[in-house]
Amino acid sequence: MAPRGGFSSRLGFIAAAAGSAVGLGNIWGFPYEVGEGGGAAFVVIYLFFCFILCFPVMATEIAIGRKTQLNPVGAFNALGFKKWNWLGKMGILAGVLILSFYNIIAGWAFGYIFEMITGNFGIADGFSEYIKNVVKVGAYGALFMATTAFVVSKGISGGIEKAAKILMPTLIIMMLIIVGYSLTLPNAVDGLKFYLVPDFSKLSGSVIYNAMGQAFFSLSLGMGALITYGSYVSKKENIVSAAAWVTLADVGIALIAGLMIFPLIGFMSGGTMEGAGRGPGLIFVTLPQIFGNIGGTLGIIAGTVFFVLLCFAALTSTVSLLEVPVSYVVDEMKIKRKKAVWLVAGVIFLVGIPSLLGNGYSEFFSTSFTTYKAGGTDTDFLSLVAAIANDTLLPLGGCLISFFAAYIWKKHNLDEELAEGAPGYKGSFVQKYLNFAVSYLAPIVLGALFVLTV
Ligand code: PHE
């Protein structure tokens, strides 16, 4: 087997796993989902899923990875349940689909660095033209994918770990500064109300469904990303506390992103909150506004630095997304790592082309699809892929992995692995809670999902 390398320290693993979790899902996805889902009620449901269901799923994924030291498909084989390795394959499929469209959005963000450098804050109004320019944003996407491939080809502790450790804290500080600024704007308070005061009459089946998908997506769960990262973790690591830190960091950053965007929408809409439900373009339309407002050289610097950091956050996520199919190809097909990386990245880029074309350039790819989320209206290819992967495959995968761990691999084996490196774990409340969530909650959600989607 090809050498796998490993994380160099405890903090290294947490930083890398948090790097996977924190990305466009938090800063681009979360505010837009909150906006579409009607505000604070969505936030409440989202938090519920993150802590009650997703945190246990995260610990489970890491445990399976560390136990087997393998990719998601090999992991099921190594535990002696070859018949279950389709679950790993489903995860790899989800990863491929997610990276195919994620990379497009990352390409948009990458291009925004140059718009900000040149002081083109008016890009907010030209956003729909911008994403239609498929040659330009396609080139940005290709560059982004190549950067991801480069980092992954360097191996796990060389590239991924170092970058994550420096850049994540910088991003948080930058976001907090922007929050401070956007709170001073007129009508910011209306944005805060929308974001923080729940109106439960806005709850519906689809809001709950989307909040769950967003929780799994944002925490990188349900497709084996954390099985793969877990496979590089040492036996001395306390998995449960690492999972708790990653969950807290990820949720915290998503909440900060909301604090950054909604006061701004309050300001832009004069308090009516019109435009909050704009969808995937939300941050690309609102953020240039804030930098334009700051204006001058300071606005240019702030805008540029922000999009650079956003791209780094996206990069630590795309790296984990690419790592999953790559580690599968390396472990199971015995292809050299470097070759596998570029091959897989190239294929995924091609898979993303319809998503690239469906943002106004090609009528067919822009309007021919229907999703549960869009309520049956004509929607674009990217939204279709996102709905299949994020909202269906990830929660399905996460709950199935939990079911597998509790009933097939067996609870006591999972507990054994979680207790390794975690002295106080056995007999603790957390243990009881994790056991409950994995054995009962996940299967119930699984059943509900089944009824909903079949
Ligand atoms: N969690 C990442 C984000 O929020 C996306 C991701 C999903 C990464 C699934 C890996 C696996 O941007």
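Me: At what angle do helix α2 and helix α10 pack?
Reply: About 175°, with their axes 11 Å apart. This is a predicted model, where local features need pLDDT of at least 70 and side-chain atom pairs 80 or more, while totals for chains, interfaces and linings use all residues. Numbering runs from 1 along each chain as its sequence is written. α2 is residues 24–36 and α10 is 205–218 (helices are DSSP H or I runs of at least four residues, numbered from the N terminus; axes are lines fitted to C-alpha atoms over the stretch in contact, with angles from 0 to 180 degrees between N-to-C directions).

Me: So which way do α2 and α10 run relative to each other?
Reply: They're roughly antiparallel (over 145 degrees).

Me: Which residues make that contact?
Reply: Gly-25, Asn-26, Gly-29, Phe-30 and Glu-33 of α2, plus Asn-210, Gln-214, Phe-217 and Ser-218 of α10 (C-beta atoms, placed from the backbone, within 7 Å). Two are nonpolar, six polar and one charged.

Me: New topic: how many residues surround the ligand?
Reply: 15, the closest being Gly-23, Gly-25, Ser-220, Ala-225 and Ser-317 (C-beta within 6 Å). α1, α2, α10 and α14 each give two or more of the shell's residues.

Me: How many charged ones are in that shell?
Reply: None: there are seven nonpolar and eight polar residues.

Me: What does Cys-54 touch, leaving aside neighbours within four places in sequence?
Reply: Phe-49, Ala-215, Phe-216, Leu-219, Leu-221 and Thr-247.

Methods
Angles under 35 degrees count as roughly parallel, over 145 as roughly antiparallel, 65 to 115 as roughly perpendicular and the rest as oblique. Two residues are in contact if their C-beta atoms, placed from the backbone, lie within 7 Å. Ala, Val, Leu, Ile, Met, Phe, Trp, Tyr, Cys and Pro count as nonpolar, Asp, Glu, Lys and Arg as charged, and the others, Gly among them, as polar.
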